[in-house]
Amino acid sequence: MEKVCILGLGYIGLPTACMLAENGYKVTGVDIDDDVITKLNNGTPHIDEPELENIFLKVFKAGNLKISRNVEKSDIYIISVPTPLNKNNKADLTYIISASEMIQDYVSIGNIIILESTSPPGTTRNLVGGIISKRTGLVAGEDFYLAYCPERVLPGKIIFELVNNKRVIGGINEKSAELAKKIYSSFVKAEIFTTTLETSEFVKLAENTYRDVNIALANEFAEICNEYNIDVWEMIKFANMHPRVNILNPGPGVGGHCIAVDPWFILENINKRDTLIEKCRKINNSRPFIISEKAFSIIKDIKNPKVTVFGVTYKENVGDIRESPALVIINELTKKGVDVFVYDPIAIGYKGKIYDFEEALQNSDLLLLFVGHDVFKKIDFRKITILMRNKNIFDTRNFFDKKSLKSLGFKYYGL
Ligand code: SAJ
């Protein structure tokens, strides 16, 4: 049985380790976070994803997935560590460097190294390949194989999409790409395409950039529609009836660790020029500030205003709060002296206080919805009419039924 060592047991590394272990590989999952190691070794995944816990427990108990702080000599090394953005909007590649250094003394002739981390084009060849070759004297593509295999999975549907999404794998040569394809074919049911390292690195960035640019356009439409007194949601709904138009949704901003980050990686090593990509990043980054101004203007004449926030996560139905626009907006409102009470039954790791439903709404002057979790669909607004001091609702996602809220006496504000 071939041995795999996966470095980084986050949102991608852990599910991938589980899938490989379930499909014929002997896997060692390595992480540098002792908390993660302890939790996993106690049988509890630190990531909440449908089906993940069941698969994890199955492969862990069967001994096909071992969790460790240390690298083990293997045939296949997969690097799946974070690539955050630094203050200068450049990729922070320190985790990829340290992961490459962790494996460099284990790699031998015939092994394959696969990078999964989202990275600027050239990273797999120059950084990972470079580190390994320098240390071992082995030649990438000849003595060991080198591939890039970006993930495409949507948080909340990770296991399903790992199995069912098409993949694009890049290799330093055809043999490397084919070997990586064979490994992923063990659990991927959809087609897998092969190409060069740099093309596959760019494809990953292009996908998320396409989405960022599309959302920026939607956000720009929202502001322009305001000036024309047009409902942007209705306008987009009708425009999208055209068979070749698919405008995404405007909102309070773009959060998470991918869409808000990856477009910068494309720009990292290019000649200086004005780009649409940077402009769109700036439009989306300005959204939380625009929304906080709008929210403040609703309550600015109220003495000691209280605002209730529904949803602090970066998007609906996930617990992840990383880069959530809600955090920026809450901070802006708090700086203006507003008392902000957060209600979010599914958020994980929020540093402030999360209140229960009644506490959050009692004497509130504004209900501010940032993400439309399914749990918010069951809300009884008649109860809210009694709790709130001023019945204002600012719905940044077009989530609630405007008409019925108005009939209950709420003042409804949209984008
Ligand atoms: N958002 C909008 N309007 C929209 C869609 C999203 O404002 O119409 C906001 C969301 O609220 C959220 C942010 O954008 O704050 C990002 O959410 P998302 O659902 O667009 O994307 P992620 O970050 O959860 O996952 C993306 C996915 N990429 C694409 O769809 C091209 C996923 O497939 C990738 O695997 C993931 O990035 C990643 O890891 O790169």
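**Figure 1. Lys 3, Lys 66 and Glu 72 form a linked network of salt bridges.** The model shown here is predicted. Lys 66 has a relative accessible area of 41%. That value makes Lys 66 partly exposed. Side chains of opposite charge can pair when their charged atoms come close. By the rule of a side-chain nitrogen of Lys or Arg within 4 Å of a carboxyl oxygen of Asp or Glu, the salt bridges come to 23.

**Figure 2. A salt bridge joins Lys 58 to Glu 22.** The side chains meet with an N to O distance of 2.9 Å. Lys 58 belongs to helix α3 (residues 52-61), and Glu 22 to helix α1 (residues 13-22), so the pair ties together parts that are 36 residues apart in sequence. Glu 22 has 29% relative accessibility and counts as partly exposed.

**Figure 3. Glu 198 and Arg 125 pair in a salt bridge.** Their side chains meet at 2.8 Å, N to O. Glu 198 sits in helix α8 and Arg 125 in helix α5 (residues 123-136), so this pair ties together parts that are 73 residues apart in sequence. How accessible is Glu 198, and is it buried or partly exposed? Its relative accessible area is 25%, and Glu 198 is partly exposed. Arg 125 is partly exposed as well, with a relative accessible area of 33%.

**Figure 4. A shell of 21 residues surrounds the ligand.** The closest are Glu 151, Lys 204, Asn 208, Arg 211 and Tyr 314. Which helix supplies the largest share of the shell? Helix α8 (residues 197-228) does, with five residues. By residue class, the shell divides into nine nonpolar, four polar and eight charged residues. Domain 1 (3-190) and domain 2 (281-413) each give at least three residues to the shell.

Figure 5. How much of the ligand does the protein cover? On its own the ligand has 770 Å² of accessible area, and the protein covers 89% of this.

**Figure 6. Glu 51 and Asn 89 have positive phi values.** Glu 51 has phi near 75°, a positive value in a residue other than glycine. This residue lies in the loop between α2 (34-41) and α3. For Asn 89, also a residue other than glycine, phi is near 60°. Asn 89 lies in the loop between β4 (76-79) and α4 (94-103). Is Asn 89 buried or partly exposed? Asn 89 counts as partly exposed, at 29% relative accessibility.

**Figure 7. Lys 90 lies in the loop between β4 and α4.** At 37% relative accessibility, Lys 90 counts as partly exposed. Along the chain, Lys 90 and Tyr 11 are 79 residues apart. Their C-alpha atoms are separated by 22 Å.

**Figure 8. Val 338 is a buried loop residue.** The loop in question runs between α12 (325-335) and β10 (339-343). Val 338 has 3% relative accessibility; buried means under 20%, so Val 338 counts as buried.

**Figure 9. Ile 290 is found in helix α11.** Helix α11 covers residues 276-299. Ile 290 is partly exposed, with a relative accessible area of 28%. Between the C-alpha atoms of Ile 290 and Ile 247 there are 21 Å. Along the chain, Ile 290 and Ile 247 are 43 residues apart.

Terms used
Residues numbered from 1 in each chain as written. Predicted model: local features only at pLDDT ≥ 70, side-chain atom pairs only at ≥ 80, totals over all residues. Heavy atoms only, no water. Near = heavy atom within 4 Å. Areas by Shrake-Rupley, 256 points an atom, 1.4 Å probe, with all protein chains shown as cover. Helix = DSSP H or I, 4+ residues; strand = E, 2+ residues; numbered from the N terminus. Nonpolar A, V, L, I, M, F, W, Y, C, P; charged D, E, K, R; others polar. Domains from an automatic or database assignment. Buried < 20%, exposed > 50% of the residue type's maximum accessible area, 1.4 Å probe, protein only.
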